[in-house]
Amino acid sequence: MNKRNEKKLKILYVKDILENYSSVENPLTAQDIINYLADYEINAERKSIYDDINALIDYGLDIN
């Protein structure tokens with residue numbers, strides 16, 4: 001995946017990861033999300049994960 005597409009799709013993968021693998025009883029750390037993203041061959045840094053989560057919250061996604 002080229003860098004441009006990787007950057008555009010990362011937030012969507014973060015959304016999917018949160019919806020599929022995270023819950024109130026089983027929260028994910030930023031490092032957990034980075035590890036899941038690596039399965040999709042997407043590199044990420046911890047700060048960018050926090051930025052993506054904040055953008056998803058602003059969008060209206062219920063993230064606890």
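Analyst: Buried means under 20% relative accessible area, exposed over 50%, and partly exposed in between (1.4 Å probe, protein chains only). This model is predicted: local features need pLDDT of at least 70, side-chain atom pairs count only at pLDDT 80 or more, and totals for chains, interfaces and linings use all residues. Residues are numbered from 1 along each chain as its sequence is written, and side-chain values use heavy atoms, without hydrogens and water.

User: Why is Tyr36 called partly exposed?

Analyst: Its relative accessibility is 26%, so Tyr36 falls between the 20% and 50% limits and counts as partly exposed. Tyr21, at 37%, is partly exposed too.

User: What makes the pair of Tyr21 and Tyr36 stacked?

Analyst: Rings of Phe, Tyr and Trp (its six-membered ring) pair with centres within 6.5 Å; planes under 30 degrees apart are stacked, over 60 edge-to-face, the rest tilted. Here the centres are 4.3 Å apart and the planes stand at 15 degrees, so the pair is stacked. Tyr21 lies in helix α1 and Tyr36 in helix α2, 15 residues apart. Helices are DSSP runs (H or I, at least four residues), numbered from the N terminus. The structure holds 2 aromatic pairs.

User: How do you know whether Glu41 is buried or exposed?

Analyst: Its relative accessibility is 61%, over the 50% limit, so Glu41 is exposed. Glu41 sits in the loop between α2 (30-39) and α3 (46-59). Its phi is near 60 degrees, a positive value in a residue other than glycine. Most residues other than glycine have a negative phi.

User: Which residues does Ile49 touch, leaving out those up to four places away in sequence?

Analyst: Contact means heavy atoms within 4.5 Å. Ile49 touches Val14, Ala30, Ile33, Ile34, Leu37 and Ala44.

Note on methods
Helices (H or I, at least four residues) and strands (E, at least two) are DSSP runs, numbered from the N terminus.
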